[in-house]
Amino acid sequence: MSTHPAQRLATDVADRLADPGAAPAAYRAKDWWRQSLAHGVPGIALLHIELAAQGLRPWQRAHDWLAATARAPVTSGADSHPFHGAPALAHALACAAEHLPGSYQRPLHALDQQLTADTRRRLDAAHRRIDDGQPPALAEFDAIHGLTGYGSRLLHRDPDSDAGRAVLEYLVRLTDPLTDGGRELPGWWTASGPSGRPDARFPGGHANTGAAHGITGPLLLLSQLARRGVTVAGQHEAIRTVLAWLDRWRQDTDRGPTWPYWITPAELRTDRAAPNAPLRPSWCYGTAGVGRAQQLAAIALGDRARQLAAENALADALTDPAQLAATSDISLCHGFAGLGHIAARAAHDALPETGHRLRALVPALLTPVQPAAAVALVESPDAGPGLLDGAAGVALAALSAGTADPPGSAWDACLLIS
């Protein structure tokens, strides 16, 4: 029986990364390597879990990579976040345990308790900050470092999690406006630049639009959970508040709508976003992540017109030569593999009139994602073997986008797009 090209690509990468001890030494020497979901061991474990779940490679490889993460205590508390330490290991273990009933229950129970405690501490600090009328840091709420990521971990494991529902209640409150010197700001306005640090290019801060670090991450979580019937008071109104903000800043072009990566104080004062060169339509920033979030929000709200508009916006972005020209690599986070994966995920949920269009885009989006290029990333000093920028993420995205079936595991739940 022949093997699908996407399966060959994924297994080629996985075979190159079969043994944790044989991973590139330059990466194994990094302090973050063992605990980083974004770039290190837990993210690579997801590739082996997915291939094992599909029966394409043995479970032993997944066990070996999970053991490489857990061979020493993992970081928790203030030095951890959804993509590093205890939450990262919890996500990988949960993906494996879903296919291996009864496995990993003791470490998962311990990690659940730690995540709950860390989430409660973060929530207490966030509510004190809101009570004081101060703007949040990006890392308070975003998908990579903040409470959105924590809520995703907890609610994926247990939709009845009290701490997880408390995160939803916090995200609802995050959408309440702030007041600064008589000026009304969105509740997610931050005083920093997009890096999360003070930035002279952003005097007065900014409102971030991205899925990784901005308000699209909370929108994805609120919408995904509402769609599944997991709701708290005010959740649907919070979704509408974020959608209204995105509507306000949508830029209509002859190639379809786009959204800026962020809004500055000057743009807020003039109620006009500055013109930009075409921006890549990626998951982390851009129309791919924003479009998928709007699609899921529309499904949660039962808004067919908005769903159709979101799906067409996504398809338009993924066929815009200027936006695609700004996409310069094959990564999951901001490259062609990620675009193919989002298109496939969106097509699965799309209305009939747009689903076939989105699905038809996938082969072209995956054309640059060739096995040799993916395997070469393993040794790349810039990309490496990991999930967001590297070979494991490319392999996972190509595997799920390039075959008709949805992923066998919930590996992409960490991206909030499923």
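Let's start at T190, which counts as buried, with a relative accessibility of 1%. Keep in mind as we go that this is a predicted model. T190 sits in a loop, the one that runs between β2 (183-185) and β3 (207-208). What does T190 touch, once residues up to four places away in sequence are set aside? Its partners are P135, P136, A137 and L138, together with G204, G205 and H206.

Another buried residue is G289, with a relative accessible area of 1%. This glycine belongs to helix α13 (residues 287-301). Skipping residues up to four places away in sequence, G289 touches T216, S282, W283 and I342. For a sense of scale, take R106: its C-alpha atom is 35 Å from that of G289, and the two residues are 183 apart along the chain.

W283 leads us into the core. The largest nonpolar core has 137 residues, and the members that touch the most others are L46, Y170, W283 and V369. Helix α5 (residues 86-97) supplies the largest share of this core, ten residues. As background, nonpolar side chains in soluble globular proteins tend to be buried together.

Now for helix packing. Two packed helices are described by the angle between their axes and the distance between the axes. Take helix α1 (residues 5-16) and helix α19 (residues 391-402): their axes come within 8 Å and cross at roughly 160°. Angles over 145 degrees count as roughly antiparallel, so that is how α1 runs relative to α19. The crossing of these two helices is left-handed. On the α1 side, the residues that meet α19 are A6, Q7, L9, A10 and V13, while α19 brings A391, A392, V394, A395, A398, L399 and G402. Sorted by class, the contact of α1 with α19 has ten nonpolar residues, two polar ones and no charged ones.

A second pair is helix α14 (residues 304-317) with helix α17 (residues 352-366). These two pack at an angle of about 20°, with their axes 10 Å apart. Is α14 roughly parallel or roughly antiparallel to α17? Angles under 35 degrees count as roughly parallel, so α14 is roughly parallel to α17. The crossing of α14 and α17 is left-handed. From α14, the residues R304, L308, E311, N312, L314, A315 and D316 meet E353, T354, R357, L358 and L361 of α17. Here the class count for the contact of α14 with α17 is five nonpolar, two polar and five charged residues.

Finally, a couple of backbone details to check in your viewer. Y104 has a phi near 60°, a positive value in a residue other than glycine. You'll find Y104 in the loop between α5 and α6 (105-131). D271 also has a positive phi without being a glycine, with a value near 55°. Its place is in the loop between α12 (265-270) and α13, and D271 counts as partly exposed, at 45% relative accessibility.

Definitions and conventions. Residues are numbered from 1 along each chain as its sequence is written. This is a predicted model: local features need pLDDT of at least 70, side-chain atom pairs count only at pLDDT 80 or more; totals for chains, interfaces and linings use all residues. Side-chain values use heavy atoms; hydrogens and water are left out. Axes are lines fitted to C-alpha atoms, for helices over the stretch in contact, and angles run from 0 to 180 degrees between N-to-C directions. Helices (H or I, at least four residues) and strands (E, at least two) are DSSP runs, numbered from the N terminus. Angles under 35 degrees count as roughly parallel, over 145 as roughly antiparallel, 65 to 115 as roughly perpendicular and the rest as oblique. A crossing is left-handed if the near helix is turned anticlockwise from the far one by less than a right angle, and right-handed if clockwise. Contact means heavy atoms within 4.5 Å. Ala, Val, Leu, Ile, Met, Phe, Trp, Tyr, Cys and Pro count as nonpolar, Asp, Glu, Lys and Arg as charged, and the others, Gly among them, as polar. A nonpolar core is a set of buried Ala, Val, Leu, Ile, Met, Phe, Trp, Tyr and Cys residues joined through side-chain atoms within 4.5 Å. Buried means under 20% relative accessible area, exposed over 50%, partly exposed in between (1.4 Å probe, protein chains only).
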